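Work through the exercises below with the sequence and the model side by side. Try each task before reading its solution.

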Amino acid sequence: MNDNQGKSKKAKVKASSLSRRELLAAFLGVPVALAACRSSAAPRFPEGRIVGASDAFGHRLRDGQRVEPPADAWQHVNVVIVGGGIAGLTAAWRLLKAGEEDFIVLELEPVPGGTSQSGSDSSIVPYPWGAHYLPAPMKENAALVELLDEMNVLEGRDADGEPIVAEQFLCRDPEERVFYKGRWYEGLYLHAGQNAVDVAQLAAFNREVDGWAAWRDRRGRRAFSIPIVTGSDDAEVTALDRITMDEWMKERGFNSPRLRWLVDYACRDDYGLTVEQTSAWAGLFYFASRMRVPGDEAQSLITWPEGNGHLVAHLYHKARTKVRLGLAASEIIPTGEGNGASVDVVALSSDGRNAVGFHAQKVIFAAPHFLTKYLIRPYRESAPPDVAEFQYGAWMVANLFLKDRPASVGFPLAWDNVLYESPSLGYVAATHQRGLDRGPTVFTYYYPLCDDDPRAARQRLLEADWKSWADVALTDLSRAHREIRSLTERLDVMRWGHAMIRPRPNFIWSGARRRAVEPFRSIHFAHTDLSGIALFEEAFDHGIRAAEEVSAAMAKN
Amino acid sequence: MRIESMSAYEFVIRIPHSAMPMNRTPILFLNVLVIATCGLIYELLAGTLASYVLGDSVTQFSLIIGIYLFALGAGAWLSGFIETELARKFIDVELGVAILGGLSAPLLFLSFAHLSYFQVILYGLVFAIGTLVGLEIPLLMRLLKDHLDFKELVSRVLAFDYVGALAASLLFPLFLVPKLGLVRTSLVFGILNAGVGLWSTWLMRPLIRGSVTGMRVRAVIVIALLAIGVIKADTLTSLAEDAMFADDIVYARTTHYQRIIVTRGRAGFQLFLNGNLQFSSADEYRYHEALVHPAMTLAGRAPRRVLVLGGGDGLAVREILKYPSIESVTLVDLDEEMTNLSRRFPPLAELNGRALEDLRVRVVNRDAMIWLEEPSEPYDAAIIDFPDPNTFALGKLYTTRFYRLLKARLAPGAGVSIQCTSPLFARTAFWCIIRTIEAAGFSVRPYQTAVPSFGVWGFALARVAPFDVPSRAPSNMHLRFLDDQAMSALFVLSVDLGPVPVEINRLDNQALVRYYEAEWRRYE
C-alpha cells in the first residue's frame, strides 16, 4: 500500500474492505493467507473491541480546531506538564521531590501512562498494552535506583554497590522461546539445526558486541550507555549512525540467516524497524548497552504482569491529585520576555466541550515531539525543521483473553513467545510473572508495521478494523496454537498510530535531537523520543532533567 | 409303502444326523469348555478389579461371587422361557457375553475414574454378565439333548464346564494378570466368546432357519471391535501407560493440573503423578516417617499448628496427627481431585487413616506459592512434599523466593522438612535444593533414607536458628521405621551423596529444573 501515497483517494483500498485472503496476505504473507483460507468454513471470532488511543481528538487538533476558554476559566499555576506518560509522570515525581506542589499534569487519555499503559479488567491478571519490561538499572542511574527503592523493588546493594533486584520482580525463567517449523525451542536465537557457519558467526557477532561493551572514549564514557546522554559522542561511535544495521552486518560478512533473523527481530522489537531500516548505532545499542562488562549476561529484566503499567501506577499514585485525565493541552502560547516570561496553556476536555486555561511560569512538554507543531503556537506558525525529523512507527497490540493454555509442542510456555516465521513479534503471557502456571491467561500480541513511510503504516493500521486485526492475530498465532480460536474468549485491539520513535540512520546523531532538547522560551521538553529510541529509562531521564531545569529556573527568578 | 416308510424312517434318523452329526459333538464340548472358562474369567476380573479399587478383597470377592452365582441361576431360569430358535438365541447370547464381558474391565476402569455410582455399575454389570452366562449351558444342553441320552449329556457338559473353571482359575493369576493385565484379558476373552458365536453359525447351521449372514456380520463386528480394543488398550487407560507401569492401572484421570494414576499389584498399590511414582503402599511408611518426624521434634515445644505443602495423598498428615498436641493442620495442595481421591478412594483413605476427614485438618486447594504470599497465623512446623522439580511450574516451589515466603509464615523455632529428590540419582539437584534453602536464610541439615520403591531418598531439615540434628525418635507412636538409632542414621550421608558445587535456584534462573532434567535423563 506504500505506493498509494499521493494517488487519488479512490485508489486507496480500505483494509476492512479487502477479502480475507488479501488481508491476511498483506499482514502475514501469502502462504499463511492461502493456508488460512483453504477451509471454506467462516472463521470463529471471539468478542472484543478497539480500545484506547483517542486519535479522533488528536486529528481534530491537527485539523485546526481551537477553543478559547471563557475568562473565568483561567487559573494560575507554576508549572503545566503536558502529557501523562512516563516522561510527564516522572517530571511530576521529581517536582514533588523538590517540594514543588503548584503544578498540573494534562493527559488526553482517560488513563495515565501513554504507551506504558495497562489493562486491569481481567479477573485473572492485569496485562500490558505496550511497554512491558525494564532492564535492571546499573548503579550510575541513581534516580531510577531511587524510584525502584521507593517501590520496594530493590532489596539492597551488592559488594560493588550495584542494586539487587528482589527475585519476584525479575523476569521469571523461562524468559523466551521461539517457534520454528512446528516446534517451540528455548531462547530467542534458534540453535536447533544450526551449522558450523551459523555457530561461528554468532560467536563473531558476540565478540563485536563485547568489543563495544568494553569500548571507552577518552573521557571514560561507554559507547552505549543508558540513558544515552551518559554515553560517548565520539566520532567512532556516532559514525555507526550513518549506516543501517543491515549494512553493518554485511560489511562484516554476517549472513547467517538465523543471526540476521535475531538482529532483525531485535530491531523490530525495540524500534519497530527492520534490520534494513535501523541505524547501526541503534542496532548495536540494543545488544551492548545492557551489558556491564564484556561477556556478561545482559542486565536482568524487571517486569510485572501488567508490564510497565506497574511503574505507571506508582508514579501516578504519587502525583494523583495533580493529574487531570481526559484533559488535553490544545494550545501553548509563550508570552512575555526575560523575567516577565510566562506561558499560557489552553486545555480541552477530550470530548471537546470544555476549555480551561492556565497561566503558567513554565511548561514541561512531555508529549511526543511531533505534536509541538500542532500545540505550540509559534511552532504552528513556523516549526523548526528538526520537528519533521521525528518519525514514529505504527503498532497494533492485541490482548487475547484465553480460557485455558494452548498446548505446546516442544519447549513449554515462556514469558516472551516468538514466531520465527512471522512479521509479528509474538506474544507475552501476562500470567507468567504472577506464577499462574495453569488455566486462564492473557496473551499480549505485538505487531509492528514496518513500512518505510510511517504515514503508509498508520494508514494501514487505522484502516484495518477490529475484525481484520483479530483475524490477523488469531491466524498468525494459529500457526503455533491450532486451538487458539476456540480458547480465546475475548480479543481487544489497540492501534498505536505513533507508538515509538524510529531510529533510522542519521537521526540520533544528526543534531536534531540535541536541538529539540533545548528549551523554547518557557517551554522545556521531556520525552523518550528526544533520545531517538523509546525506552522507559530515556523517558524517565528526560522527565527528571526537565523537572530539574524548571526547578532551577524558577529558583533563579 | 415301503419306500414311504423307509423314507419316513430315514427322515427320523437323518434329521438329527444332518443337523448335528455325531462327529461334531466333541467340538461342541469344546464350546462348553471355552464358554465356561470365559464365564469364570469375567467373574474373577470383576472381583479383582473391585478389590483393587474399593479395597477389602474378602467383601468384594464374596459379593461378586454371590451376585454372579445368583445371576447364573437367573439365567438358567430364564432359559426356560426360550421355546424356539435355540441355536440362533444361543449365538445371540454369545455375542452379548462377548460385548459385556469383553468390555467389562475397560468399562469399569473408566466408570471408576468418572462416576460416583461406580458400585451400581459394577454389580449391575456382574449381574448382567452372570445372567447371560447362565443362559449358555442350558441352551447348549437342549441343543445336544437329541444326540445323547440324559445321563451322558449331564456328565459330559458338567465335566467340561468344571474343567473350564479350573483352566480359568489357573490361567488368571499365573498368566493373564501378569502378562496381559486386566483390560486386555477382558478384551481377549470377549473375542473368544464372540468366536464361539461366529463358529456356531457353521456348527449349528442346520438348526438355524433362514439366512445366517446377518449373524456372521454381527459376530465379525464384535470381534473387530474387541480386537481394536486390544490393540488400543493403551488409549483406554491411556495407553503407553500400561507398558510403563508394571502393575494394573486401577485409576487413571487427567485433572486440570496433572495425570493421576493408581496402580495395583501384588505388593500393594502405587500413586503416580504425571508418570512419576509418589508412593508405594508397601514402603511409604519409611518415606513419610522420615519426612515428618524430624521436623516435628525440632519445634522444641509440642507443635500445635502444622502446615503441609503438597502431600495431597494425606500420608504426611497421618503422621502429623499422631502428635496429641496438634490443634490444626493446614494442607495446601493444588489439585482438588487429588485430595478428593485421598478421601474417597477406599484403599488410599485406609492407608492415610482417613486423615483428611479429621476435623483438625483444613484442605486448601491452591497454588502453594500464591497461597504463601497471603498472611496467616504462624506455624510451628512445615512439611513440604512436592513432586520432584521436573517442570518450571514445580521448580518455582523450590526457589529462594518460595523459601523466603515460607519463612515469613513460621513461628520462632519452627522446624521445616522438605523432600529433595534422590541425592544418589540427582545429586546436583539435591544439593541445589539444600543450598537454595540456605540462601533463603535457613540453617539446613540434609538427610536421607532408603525407600525401596524409590531408592536412596533425600530430605532437608531446616530451621531459621541453628540446631543440632535430632537424635531421638518420638515414642509411643508405634512408628514402624524410626527409633532413636534410625533417627540418627538419617543424618549420615555416605561419600557418594556428598556436596557438589551448585547454583542457587531462583525464579529467574530455574537452575534446579535444568539440573534435575540432565541427571534423570541419564536413567531413561
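Predicted model: local features only at pLDDT ≥ 70, side-chain atom pairs only at ≥ 80, totals over all residues.

Residues are numbered from 1 along each chain as its sequence is written, chains are lettered from A and ligands numbered from 1 in the order in which they are written, and side-chain values use heavy atoms, with hydrogens and water left out.

**Exercise 1. Describe the overall build of chain A.**

Begin with the secondary structure: chain A has 18 helices and 21 strands, where helices (H or I, at least four residues) and strands (E, at least two) are DSSP runs numbered from the N terminus. Along the principal axes, its C-alpha atoms fill a box of roughly 70 × 55 × 45 Å. Finally, 59% of the 557 residues in chain A are buried, buried meaning under 20% relative accessible area, exposed over 50% and partly exposed in between (1.4 Å probe, protein chains only).

**Exercise 2. Characterise the interface of chain A and chain B.**

First count the residues: 19 of chain A are in contact with 20 of chain B, contact meaning heavy atoms within 4.5 Å. The two chains bury about 1700 Å² between them, 46% of it on carbon and sulfur atoms; buried area is the accessible area (1.4 Å probe) that two parts lose on being put together, summed over both. On the side of chain A, A:E167, A:D173 and A:R438 lose the most area to chain B, together 43% of what that side buries.

Then turn to the charged pairs. The rule, a side-chain nitrogen of Lys or Arg within 4 Å of a carboxyl oxygen of Asp or Glu, finds 5 salt bridges across the interface. In a salt bridge between B:R514 and A:D173, the closest N and O atoms are 2.3 Å apart.

**Exercise 3. Find the buried residues of helix α20 of chain B, and what covers them.**

Helix α20 spans residues 511-521, and its buried residues are B:A511, B:L512, B:V513, B:Y516, B:E519 and B:W520. Their cover includes α16 (392-395), α18 (427-439) and β11 (455-463) of chain B.

**Exercise 4. Is A:H542 buried or exposed, and which residues does it touch?**

Locate A:H542 in helix α18 (residues 536-556) of chain A. With a relative accessible area of 7%, A:H542 is buried. Setting aside residues up to four places away in sequence, A:H542 touches A:V517, A:A526, A:H527, A:T528, A:L530 and A:S531.

**Exercise 5. Place B:A168 in chain B and list its contacts.**

B:A168 belongs to helix α7 (residues 150-203) of chain B, and at 0% relative accessibility B:A168 counts as buried. Apart from neighbours within four places in sequence, B:A168 is in contact with B:T37, B:L40, B:I41, B:L44 and B:P173.
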